[in-house]
Amino acid sequence: MAVLPIHTEHFVLTKMTAGDGDKYFRLSNNANVMKFVTGYSLTREESDQMLAGFLAEHGADTYLGRYLIEDRFSGELIGAAKLDKVGAAIEIGYRVMEEFWGRGVATEIASGLIRFSKHVLKARDVIAFVNVNNAASIRVLEKAGMINTETIEDLDEVKYRFNYSPKNTSSMKKVLYVVLGLIALVLIAAFILPKEYAVERDITIARPKAQVFEYVKSLRKQNDWSVWARRDPNMRQNFSGTDGTVGFVSMWEGNDEVGKGEQEITRIDEGKRVDTQLRFLKPFESTSDAYILTEAIDSTSTRVRWGFTGKMPIPMNLMLPIMNIEEAIGKDFQDGLTNLKGILEKQ
């Protein structure tokens, strides 16, 4: 099999031969370049022995082995690279001459070796090993799309194993982008949508305002006309304080439809308005302000307005369009007022 040079945008990688001793020695004679290989610079004899070992490991008819990295235009020596087989994976490696550090050379070489391993060698996985203290190479591998998957403790070195799996990496990126996109859309929608809600209904009752107001300011009597009390005849209730005065609290706990919570009278404008605070505990916690207003139409009829307001924090306010509070709660308010009218007009 003819082993052709490997090309990247700026460099060409050529399989090493026995005639490359001088070039390889220029690389291996630098202590900084060899820091995470041998820990020291090599003599010419040591360099030739290392090169001979590499050449004996893989023949000239395979892409596995060691390569010289040279500038594809000027022919200048840039460094050395390797392709090796570890199980079903292809291992990549590189060393760059010190004068070319910090110029993006290593990242281009690593990315080129990954592409070649994937597209030409059809590698299922591409891996690399790097000393845990080699911060520069760790950054290079991460930029090339590899991820740290394992820490390996050898007798003389602790190193990371980096993996590049084309299928998994692509899928993970797609999933990540989709998730981030959905989160962004949710947050944008939450900021745009209303956070406040308000519902009000009214009815005219053929009774004097004083009689109507005296009845509606009692929280206990709400059980007679409110639709919610009728939805659970076995609802448990407790009361605290004096009914019809500020500070009176009505507590309830019932089935799933009624839930659990409490209502407290917070303000009374005698003859005109009663304000209460609704504190729901189940099925979810929330707080709303409710009110009942009475307005005399004439001496024998009264207009009653019943409503409530509240706020939902981001992102809970996304539920407001789904819940459709105006329609759902509005019907309950209107039904309750109809019950109230029926009770008072029979008195």
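**View 1. Valine 212 in helix α6 of the predicted model.** In this predicted model, valine 212 has its place in helix α6, which covers residues 209-216. Because its relative accessibility is 0%, valine 212 counts as buried. Leaving aside residues up to four places away in sequence, valine 212 touches Ile205, Arg207, Thr294, Thr302, Val304 and Leu344. Leucine 340 stands 128 residues from valine 212 in sequence, yet the C-alpha atoms of the two are 9.3 Å apart in space.

**View 2. Glutamine 347 in the segment after α10.** Helix α10 runs over residues 325-346, and glutamine 347 lies in the segment that comes after this helix. When residues up to four places away in sequence are not counted, the contacts of glutamine 347 are with Arg207, Gln211 and Tyr215. Arginine 207 is 140 residues away from glutamine 347 in sequence, while the distance between their C-alpha atoms is 9.1 Å. Arg207 is also one of the residues that valine 212 touches.

**View 3. The buried side of helix α1.** In helix α1, which spans residues 21-28, the buried residues are Gly21, Tyr24, Phe25, Leu27 and Ser28. Because these residues cover an arc of only 160° around the axis, they lie on the same side of α1. The elements against which the buried residues of α1 pack are α2, made of residues 44-57, together with β4 and β5.

**View 4. Helix α3 and its surroundings.** Helix α3 has 15 residues, and from its first C-alpha to its last it reaches 21 Å, close to the 21 Å expected at 1.5 Å a residue. Since eleven of these 15 residues are buried, α3 is largely enclosed by the rest of the structure. The buried residues of α3 are Val105, Ala106, Glu108, Ile109, Ala110, Ser111, Gly112, Leu113, Ile114, Phe116 and Ser117.

**View 5. The largest pocket and the elements that line it.** The largest pocket holds about 1300 Å³ of space. Its lining is made up of 43 residues, and those that lie nearest the centre of the pocket are Phe36, Tyr94, Arg95, Asn134 and Ser137. Two or more lining residues come from each of β4 (77-86), β5 (89-96), α3 (105-119), β6 (125-131) and α4 (135-143). Among these elements, α4 gives the most to the lining of the largest pocket, with seven residues. By residue class, the lining of this pocket divides into 21 nonpolar, eleven polar and eleven charged residues.

View 6. The structure holds one cavity of 30 Å³ or more, and the volume of the largest cavity is about 50 Å³. The residues that line the largest cavity are Val216, Lys217, Leu219, Gln222, Gln263, Val274, Thr276, Ala290, Tyr291, Ile292 and Trp306. Strands β13 (273-282) and β14 (286-298) are the elements that give two or more residues to this lining, and the largest share, three residues, comes from β14. The lining of the largest cavity divides into seven nonpolar residues, three polar residues and one charged residue.

Technical notes:
Residues are numbered from 1 along each chain as its sequence is written. This is a predicted model: local features need pLDDT of at least 70, side-chain atom pairs count only at pLDDT 80 or more; totals for chains, interfaces and linings use all residues. Side-chain values use heavy atoms; hydrogens and water are left out. On a 1 Å grid over the protein atoms alone, a cavity is a set of points where a 1.4 Å probe fits but cannot get out, and a pocket is an open set with protein on both sides within 12 Å along at least five of seven lines; lining residues have an atom within 4 Å of a point. Grid points are joined across faces, edges and corners, and a volume is the space filled by probe spheres set on the points. Helices (H or I, at least four residues) and strands (E, at least two) are DSSP runs, numbered from the N terminus. Ala, Val, Leu, Ile, Met, Phe, Trp, Tyr, Cys and Pro count as nonpolar, Asp, Glu, Lys and Arg as charged, and the others, Gly among them, as polar. Buried means under 20% relative accessible area, exposed over 50%, partly exposed in between (1.4 Å probe, protein chains only). Contact means heavy atoms within 4.5 Å. The arc is that of the directions from the helix axis to the C-beta atoms. The expected span of a helix is 1.5 Å times one less than its number of residues.
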